[in-house]
Protein chains: 2
Amino acid sequence: VDDLLARVRQGERRAVARAITEVERSASRAREIVADLYGDTGKAHIIGVTGAPGAGKSTLVNQLARVLRQRGLQVGIIAVDPSSPFSGGALLGDRIRMQDLAGDEGIFIRSMASRGNLGGLARATSSVAKVLDAAGFEAILIETVGAGQAEVSIADAAHTTIVVEAPGMGDDIQSIKAGILEIADILVVNKADRPGAASTVKALRLMLHMGQRQQGAAVREATGGEEDEAPAWKVEVIETIATEGVGVADVAERIAAHRAFLEQSGLWQQREAERSRQEVEQILQAHLAARLQECIDPGERDRLIQAVAGRQVDPYAAAERLFGQLVADC
Amino acid sequence: VDDLLARVRQGERRAVARAITEVERSASRAREIVADLYGDTGKAHIIGVTGAPGAGKSTLVNQLARVLRQRGLQVGIIAVDPSSPFSGGALLGDRIRMQDLAGDEGIFIRSMASRGNLGGLARATSSVAKVLDAAGFEAILIETVGAGQAEVSIADAAHTTIVVEAPGMGDDIQSIKAGILEIADILVVNKADRPGAASTVKALRLMLHMGQRQQGAAVREATGGEEDEAPAWKVEVIETIATEGVGVADVAERIAAHRAFLEQSGLWQQREAERSRQEVEQILQAHLAARLQECIDPGERDRLIQAVAGRQVDPYAAAERLFGQLVADC
């Protein structure tokens with residue numbers, strides 16, 4: 001066991017793969033592994049890549065991995081699919097990736113699926129990132145499919161978040177969601193050779209501008225007219241054609257610039273503390289859920305649930321009854 | 001206070017609007033209101049409508065509301081936007097809706113946004129649906145934007161889930177996600193007059209067919225060759241042009257058929273029990289989070305978090321320490 005983790009620390013690929021499999025299979029093993037490796041983590045730059053399906057995230061991530069490799073970095077890729085993969089889509093994507101980047105010892109690729117448990121997925125993704133971090137991977141790209149809350153929680157785990165759009169997806173008011181702009185450190189319009197690319201770029205820049213003005217106004221209101229003194233990061237829109245590698249080096253530059261910005265402004269450490277807080281809270285939630293299973297008699301719980309379903313007891317009263325058996329006074 | 005809820009029970013619109021606002025603003029008030037109204041809920045048919053941005057969900061929901069009204073039902077619409085709406089997109093959408101369906105006393109429309117708290121949103125949505133249910137709305141359409149976990153949790157709250165696709169969005173392997181098929185009771189291809197509609201319909205039918213075969217195989221494996229005896233619902237693909245009302249009556253028929261199927265098969269009650277279970281667990285989680293805030297000294301928590309961020313303590317050990325202070329033996 002300890003031997004496995006010693007080999008992970010030396011960056012041995014088979015040990016890394018094995019440790020990740022163990023992390024994914026068993027929450028208690030994940031706990032042991034993360035606790036053991038934890039002191040050797042905190043060095044990697046974790047980069048989230050997110051955006052709507054079909055925007056070309058996988059291709060961009062592959063190309064980015066290539067560019068980062070050329071700059072001498074060890075690169076980990078974690079491809080996260082929050083929808084459950086009963087079609088084998090993730091596997092197919094994997095195989096294409098593997099062929100594309102095969103034979104490079106400095107790149108490690110892993111796909112993960114949630115099977116409906118988003119909380120568990122966020123936790124597992126974070127643990128897998130830690131294994132890669134402890135193994136010496138210096139840039140870890142976490143790619144997520146989708147356009148909802150999943151990205152937001154993955155973004156919480158990243159130092160730098162890249163949101164990828166494609167022309168024609170981002171033109172109406174529903175699809176360029178403000179929520180995406182709030183999490184983006186870097187915006188990429190991929191497939192920039194497609195019709196409509198210019199208008200997508202324009203729409204995104206306009207929304208960024210509006211967002212910055214609103215932010216500025218909020219700061220002025222909060223400080224009584226004073227501008228915010230904290231150093232600001234400017235979100236830029238970068239056009240890429242990932243299939244041809246066009247613009248990918250620009251994205252890599254911007255990633256490096258964002259890391260430098262985070263470190264110089266003190267935000268790197270702030271984000272680490274915030275991530276640590278969230279992580280501890282997630283673990284606590286899982287502990288509490290487990291305790292719930294342990295402590296409450298299943299028969300009693302079922303009777304209560306049936307009474308709620310039959311409208312004899314309201315759900316708050318039911319929760320109150322269970323809660324009383326679970327929690328200590330303080 | 002009780003007067004407000006008495007007026008809600010009589011279906012008075014202003015009381016309904018006021019109660020919903022109170023539910024959204026305060027979790028403790030939501031608790032009171034739901035606990036009070038709970039015995040009068042359980043009659044409404046809750047219909048989730050989900051799918052990728054730009055598929056035309058809002059238009060379809062408006063048209064469906066119209067058709068259901070023509071059949072004499074009181075209709076509630078809850079439009080849920082899990083991304084945070086700092087652009088005012090939701091408000092704009094609202095105004096268009098309001099004009100469209102204005103003046104019909106039998107339709108009640110409400111928009112909700114999460115501001116980053118998906119758990120809270122699911123809870124609030126469920127509470128708002130209960131207010132509408134107790135007020136006598138017989139069909140409640142819950143519309144969600146996005147393509148990730150958000151829908152899955154909204155779908156948990158629905159009796160019937162409609163997934164809306166549009167041509168050109170659902171043609172590649174990434175965007176027709178199997179996860180969507182797992183939650184869909186009815187599949188709609190909207191904008192069916194657009195190029196590519198036929199191939200989207202074909203792709204969806206193929207995936208449904210594959211899914212059903214896989215399910216069948218799993219059942220045969222689990223039962224040693226026996227087919228599943230439980231009555232099966234057949235997911236159908238319905239084409240619509242919502243802007244012109246085409247196909248919307250077919251969707252309404254299929255919704256009614258699904259309700260009849262749920263009731264005859266006993267699944268309606270099964271789903272009620274499952275929803276009740278989830279609801280009680282969500283309330284318990286919220287209780288536990290609140291207890292965490294109350295019981296743990298903030299200074300101690302901050303010191304622990306800083307130690308985790310600095311890699312002196314691993315997050316599992318930190319959670320363990322906090323947990324010991326929080327939970328009773330059982």
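Modeller: The model is a predicted one. Chain A has 330 residues, of which 53% are buried, and its secondary structure consists of 13 helices and seven strands. Of the contacts in chain A with a separation of 6 or more, 76% are between residues 24 or more positions apart.

The threonine is A:T41, located in the loop that runs between α3 (27-37) and β1 (45-51) of chain A. A:T41 has a relative accessible area of 6%; because this value is under the 20% limit, A:T41 counts as buried. Two polar partners can be named for its side chain. One is the backbone oxygen of A:Y38, at 2.7 Å; another is the side chain of B:R311, with which A:T41 makes a polar contact at 3.0 Å. Beyond the neighbours within four places in sequence, the contacts of A:T41 are A:K130, A:D133, A:A134 and B:R311.

Helix α1 of chain A spans residues 2-9, and its buried residues are A:L4, A:L5 and A:V8. These residues lie on the same side of α1(A), because they cover an arc of only 90° around the axis. An α-helix has 3.6 residues a turn, so residues three or four places apart point the same way. The exposed residues A:D2 and A:D3 are carried on the face of α1(A) turned away from the buried side. After α1(A) comes A:G11, with a positive phi near 80°.

Technical notes
Residues are numbered from 1 along each chain as its sequence is written. Chains are lettered from A and ligands numbered from 1 in the order in which they are written. This is a predicted model: local features need pLDDT of at least 70, side-chain atom pairs count only at pLDDT 80 or more; totals for chains, interfaces and linings use all residues. Side-chain values use heavy atoms; hydrogens and water are left out. Helices (H or I, at least four residues) and strands (E, at least two) are DSSP runs, numbered from the N terminus. Buried means under 20% relative accessible area, exposed over 50%, partly exposed in between (1.4 Å probe, protein chains only). Contact means heavy atoms within 4.5 Å. The arc is that of the directions from the helix axis to the C-beta atoms. A polar contact is a pair of N or O atoms within 3.5 Å; within protein, one must be able to donate a hydrogen and the other to accept it, and residues adjacent in sequence count only if both atoms are side-chain atoms.
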